[in-house]
Protein chains: 2
Amino acid sequence: MEHLRIPGPTPCPEEVLQAMTKQLINHRGQEFGQILNDVTAELKQLFQTKNDVFVLTCSGTGGMEAAIVNMLSPGDKVLSVSIGVFGDRFADVARQFGAEVIPLRFEFGKAADIDDIRRALQNEPEIKAVLVTHNETSTGVTNDLASISSVIKEFDKLLIVDAMSSLGCINLPVDEWHCDVTVTCTQKGWMAPPGLAVVSLSPEAWQAHANARMPRFYWDFSKCQSYLEKSQTPWTPAVSTVFALSTSLEMVLSEGLANSIARHARVGKFTRDGLKSLGLSLFADENYASNAVTAVAATNGLDTKSLLKIMREEHQIVLAGGQGKLDGKIFRIGHMGWVTEDDIEPVISALKVALPKAGFAK
Amino acid sequence: MEHLRIPGPTPCPEEVLQAMTKQLINHRGQEFGQILNDVTAELKQLFQTKNDVFVLTCSGTGGMEAAIVNMLSPGDKVLSVSIGVFGDRFADVARQFGAEVIPLRFEFGKAADIDDIRRALQNEPEIKAVLVTHNETSTGVTNDLASISSVIKEFDKLLIVDAMSSLGCINLPVDEWHCDVTVTCTQKGWMAPPGLAVVSLSPEAWQAHANARMPRFYWDFSKCQSYLEKSQTPWTPAVSTVFALSTSLEMVLSEGLANSIARHARVGKFTRDGLKSLGLSLFADENYASNAVTAVAATNGLDTKSLLKIMREEHQIVLAGGQGKLDGKIFRIGHMGWVTEDDIEPVISALKVALPKAGFAK
């Protein structure tokens, strides 16, 4: 079997996969209602929030769209803080639905600069919301969200956070950091299969929602709320994936969120140290290196496409390339979710053999 | 274990559930690409279409929203042919995104009248598209879609079909009946878990798409098309559910679509005959009775809520109630997907015992 080391979907523990062999049940019955309520309560623990949390049946990008259309009206000014492909995507969604996006883009590989954000907010008092990526999966950079949030809240703006690849892996106390909307998905830190997104909403987010006029039906958070009061979702949910998520969240909580975050920190450092020992250059600013995914720059003659092929065909290890303008410029190793040093060690060993074959000369 | 007899999600064969125990793979790698291509080809066979077919990660309602926002512009006139809750929902989605909906509603339990549709199209030449439910899950009525399509095509309008509970169960030759957009989901006739919707698009639908200005990002069919050319989906798909769908479609094709449709016809008649033998009144006009779901009217003192409770608690059989204004007025039995007469027989036997306890007096 291949060893999947991309930044999502991540491998799932056997118990999580087995959970999906449970026969389907009525999504509007008591048994499913209890599971949905339990999963929602567990998600609140992992989001470190007392706010509302909803499970949506969609990919992570669907969760981004849900966040945008529930918070904004066409013409609203939105500051997009982007440090990579997913930050740009968040801005694209907002633009597509008629928001006036003020882009604040940072060099890929760097974290967002707090002073630049402050300046942007000073320059444009009419900004209503700020879009921030906590962990940028495309570059392996983790923003200093606590500080970013402080600045945004100085100006009393709505903070909408893409936490796809951070929740469960990297500390994100949603309430303490005043995240108004936080979006994540199941196939990253929570070691469940893809197919569900999860959003949290602060009281301020609910206020914004009440005035938001972007068109929405499938994503409508008001419908999510009124159905969750009946222990249901508005539309037929991905029942089997909810079974899997229920099992995986129990595993995360049984390890303990703090322990999981500490494990990711340990494995992240182990990965970076291993890569550097091979003479590779990390793409991300190391002060903001992600503990969920590491990007490696294509230096010293390294042909990343050739490397990915050799790793897959000769070592049965699946790594990821770069996205968008980073295609061919980097390769990425996912170390989120169900991962320990023992999963990374063979990757480093295989890279040692594969790198010279892919043109890399130390 | 409970015997699930609601109109979706339906029970899944063990092989389908077991398919989801396969470890996750790279959704942008060759192996998944091959599975996606195979599933897409099989779906085309089952849609009886040569048109494009896309798999979306969402509930069926997400598929409805996708159909609307990809085909229409705000202000477009749309004829909504509604015979039940799901017909009304389709109209709601269109209205929510700014379409001018002309509602043509028929009494719940009846099929749409062809002459009324013709008159509506004559009265309003500016109608751009017509929304039609093939099989109305809320009432157990199957529209005569072949005739409806003929009228709509006399007027050269776009035909957008909700085929959630018909495809796989009831004959729907998409190309022969000139369906421009056809939407379905996985948890009905295809006996797979929920979490995926499927849409087909005719060349005329692509033309409409090119001019459609409703805002869209997650649902954008152009993105679906360009990614499918690379054997991918734009966003991370519900990989495990695709594994399940792949297995279930092979089972449907191995039975043969015509045989599956014939089996549904047989089981549908068996269900209706059994219910009538108990003295129950079918809610739907029998000339249009659905072979996928049967609705029973609450006559002769029958308390449907009490009946559903007794069936569940004393017979471990889960039936469905009525939705919306049909709440308390009907109960429903699903007989779609993985079902034979042997699954319905115990339902009829249990009803015989339960009905008198729920107030029903013959």
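Predicted model: local features only at pLDDT ≥ 70, side-chain atom pairs only at ≥ 80, totals over all residues.
## A walk through chain A and its partner

In β14 of chain A, A:Gly334 is the bridge partner of A:Val293. Residues are numbered from 1 along each chain as its sequence is written, and chains are lettered from A, with ligands numbered from 1, in the order in which they are written. Helices (H or I, at least four residues) and strands (E, at least two) are DSSP runs, numbered from the N terminus.

Back to that bridge. β11(A) and β14 (residues 330-334) of chain A run antiparallel and are joined by five bridges. They belong to an open sheet of three strands, ordered β11-β14-β13 in chain A, with antiparallel pairing; two strands pair if DSSP finds at least two bridges between them. β11 (293-297) and β13 (320-321) of chain A stand at the edges with a single partner strand each, so one side of each has no neighbour in the sheet.

Now for a pair of helices. The axes of α10 (residues 257-277) and α12 (residues 341-357) of chain A come within 10 Å and cross at roughly 10 degrees. Axes here are lines fitted to C-alpha atoms, for helices over the stretch in contact, and angles run from 0 to 180 degrees between N-to-C directions. α10(A) and α12(A) are therefore roughly parallel to each other, a label for angles under 35 degrees. On the α10(A) side the contact is made by A:Val267, A:Phe270, A:Thr271 and A:Gly274, and α12(A) brings A:Glu341, A:Ile344 and A:Ile348. Residues are in contact if their C-beta atoms, placed from the backbone, lie within 7 Å. Four of the residues in this helix contact are nonpolar, two polar and one charged. For those classes, Ala, Val, Leu, Ile, Met, Phe, Trp, Tyr, Cys and Pro count as nonpolar, Asp, Glu, Lys and Arg as charged, and the others, Gly among them, as polar.

How does chain A divide up? Its domain assignment gives domain 1 (3-7 + 257-357) and domain 2 (14-254), with bounds that come from an automatic or database domain assignment. The centres of the two domains of chain A, taken over C-alpha atoms, are 26 Å apart. Where they touch, domain 1 of chain A puts in 23 residues and domain 2 of chain A 25. α10(A) gives the most to the domain 1 side, with four residues. That side divides into 13 nonpolar, eight polar and two charged residues.

There's another sheet in chain A to look at: an open one of seven strands in the order β2-β10-β9-β8-β5-β3-β4, with mixed pairing. β2 (52-57) and β4 (100-105) of chain A are its edge strands, each pairing on one side only. Six bridges link β2(A) to β10 (residues 196-201) of chain A in the antiparallel sense, and A:Val55 has A:Val198 as its bridge partner in β10(A). Helix α3 (residues 60-71) of chain A lies across β2, β5 (127-133), β8 (158-162), β9 (181-185) and β10 of chain A, at about 165 degrees to β9(A).

Finally, chain B: 47 of its residues are in contact with 47 residues of chain A. α3(B) gives the most to the chain B side, with four residues.

Note on methods:
Parallel < 35°, antiparallel > 145°, perpendicular 65-115°, else oblique. Contact = placed C-beta atoms within 7 Å.
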